Amino acid sequence: MLRNKRLLVLLSIVLLATTVLSGCSRGQALAKEINMNLHTEPPTIDPALTTDTTSVQCVELFFLGLTDFDDQTLEVIPELATEWSASADGLTWTFKMRDDVQWVQYDPGSKKVTKQRPVTAHDVVYGVKRTINPETASDYAYVDYIIKNAEAVNTGESTDLDSIGVRAVDDYTVEFTLEQPAGYFPGIAGMWVNRPQPKEAIDAGGDAWTEPGTIWTNGAYLLDTWEHENRLVMVKNPEHFDAKNVSIEQINWVMVTEDSTAFAMYENGELDVANPPLDDMDRVKADATLSEELYIAPQLCTYYYGFNTTKPPFDNVLVRQAFSRAVDRQKLIDTVTKGEQKPAKTFACPGVFGSPAEDDDFEGLTFDPAEAKRLLAEAGYPDGQGLPEVTLMFNTNEGHQKIA
């Protein structure tokens with residue numbers, strides 16, 4: 001069964017932690033095809049422009065990174081890179097790369113796979129600089145601010161792309177120079193925004209370079225079909241360096257936003273994997289067949305609501321603290337989500353290095369309505385008097401609506 005390897009946790013104030021993914025499977029791990037739900041149209045599959053988890057999931061299957069994360073230990077492991085090292089002062093990181101990875105172009109009409117050329121260090125350099133270039137308008141360029149001069153270029157303080165601290169030492173060696181030592185940099189180097197990107201395909205295709213027949217990829221899968229807002233089909237890349245270990249020949253994605261509809265498709269045999277709707281969790285757990293098919297596993301993810309801190313009332317930290325203290329996370333889990341999630345008392349969830357989430361001695365964020373009222377009063381809004389109107393924006397997926 002295919003699954004998303006990781007989700008990036010964004011920085012904000014935590015209201016609820018969802019560290020569990022509920023799912024049902026018809027047990028087709030050995031099938032040649034699998035039918036799954038993307039839930040929504042991917043806004044993009046351009047690595048430099050990707051921000052959402054749906055797009056990240058696609059990018060993960062189409063493009064390789066220098067590094068990856070071990071699914072069990074979460075340690076940084078090689079992918080395109082074979083090894084890496086840091087200078088004594090921690091400012092220079094050097095990655096040696098595989099020489100057997102190809103850029104390929106797939107023709108959906110003829111089903112022909114064309115090897116274009118090898119993936120090289122120059123593609124990594126181009127991809128990193130393209131992400132940082134303000135003309136690209138990458139929302140995630142800020143993760144590269146640890147790279148020398150990346151922030152200056154991305155914010156327009158400098159227009160010299162060549163001053164960015166990344167260069168190809170040779171065709172299969174890429175070197176990064178950092179603003180300051182960062183032991184975590186190998187993890188950053190493998191993020192989707194730092195994937196190698198094919199300049200020829202981007203130059204030729206422009207904004208449409210990621211469409212079927214035009215896109216060049218180097219990962220485990222090729223793009224066969226993309227009917228926008230409807231379905232997307234991926235086929236196995238026979239030129240993938242590890243193709244022998246890719247068991248699924250074809251992934252058929254639908255884009256069904258309603259969990260109830262997707263789950264009905266699952267029960268009708270049209271999907272092989274589905275997330276049970278919140279309203280159906282009790283029924284699933286009570287059903288002899290569905291309860292056996294239910295698989296609940298930890299996921300590196302924090303579910304949160306973020307505050308706009310640039311205008312009242314949330315420019316006041318006391319108001320933010322009051323709202324956070326007013327949320328009964330455990331009751332939300334017990335009565336709404338019902339998927340064995342854990343209440344978030346920290347932003348970094350269990351499994352993230354250094355997180356005190358499972359430290360019994362760390363109180364963190366807890367439900368305390370009396371303290372919430374006190375904080376609100378201290379902020380100048382006793383019993384909520386004078387508090388300006390607050391607008392809550394949320395994803396319109398059925399589950400998100402119920403949580404909201």
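In the predicted model, L38 lies in the loop that connects β2 (33–37) to α1. L38 is buried, because its relative accessible area is 2%, below the 20% under which a residue counts as buried. Leaving aside residues up to four places away in sequence, L38 touches T54, Q57, C58, W253, V254 and M255. The C-alpha atoms of L38 and T257 are 8.3 Å apart in space, although 219 residues separate L38 and T257 in sequence.

Helix α1 comprises residues 53–62 and is mostly covered, with nine of its ten residues buried. The buried residues of α1 are T54, S55, V56, Q57, C58, V59, E60, L61 and F62.

In soluble globular proteins, nonpolar side chains tend to be buried together. The largest nonpolar core of the model has 60 residues, of which L66, V174, F176 and F185 touch the most other members. With residues up to four places away in sequence not counted, L66 touches P78, E79, L80, A81, F95, M97, V124, V174, F176, A189 and G190.

Two packed helices are described by the angle between their axes and the distance between the axes. For helix α9 (residues 317–325) and helix α11 (residues 369–378), the angle is about 160° and the axes are 8 Å apart. Helix α9 is therefore roughly antiparallel to α11, since angles over 145 degrees are classed in this way. The crossing of these two helices, α9 and α11, is left-handed. On the α9 side, the contact is made by L318, V319, Q321, A322 and R325, and on the α11 side by P369, E371, A372, L375, L376 and E378. By class, the residues of the contact of α9 with α11 comprise seven nonpolar, one polar and three charged.

The loop between β16 (294–298) and α9 contains P313. A cis peptide bond joins P312 and P313, with omega at about 0°. G306 also belongs to the loop between β16 and α9. G306 counts as partly exposed because its relative accessibility is 48%. From C-alpha to C-alpha, G306 and N397 are 18 Å apart in space, and they are 91 residues apart in sequence.

Most residues other than glycine have a negative phi, and most peptide bonds are trans. K111, which is not a glycine, has a positive phi of about 60°. K111 is placed in the loop between β7 (102–107) and β8 (112–118), and its relative accessibility of 48% means that K111 counts as partly exposed. A positive phi, near 65°, is also found at E340, a residue other than glycine. The loop that holds E340 runs between α10 (329–337) and α11. E340 counts as exposed because its relative accessibility is 53%, over the 50% that marks an exposed residue.

Conventions
Residues numbered from 1 in each chain as written. Predicted model: local features only at pLDDT ≥ 70, side-chain atom pairs only at ≥ 80, totals over all residues. Heavy atoms only, no water. Axes fitted to C-alpha atoms, helices over the stretch in contact; angles between N-to-C directions. Helix = DSSP H or I, 4+ residues; strand = E, 2+ residues; numbered from the N terminus. Parallel < 35°, antiparallel > 145°, perpendicular 65-115°, else oblique. Left-handed = near helix turned anticlockwise from the far one by under 90°. Contact = heavy atoms within 4.5 Å. Nonpolar A, V, L, I, M, F, W, Y, C, P; charged D, E, K, R; others polar. Core = buried A, V, L, I, M, F, W, Y, C linked by side-chain atoms within 4.5 Å. Buried < 20%, exposed > 50% of the residue type's maximum accessible area, 1.4 Å probe, protein only.
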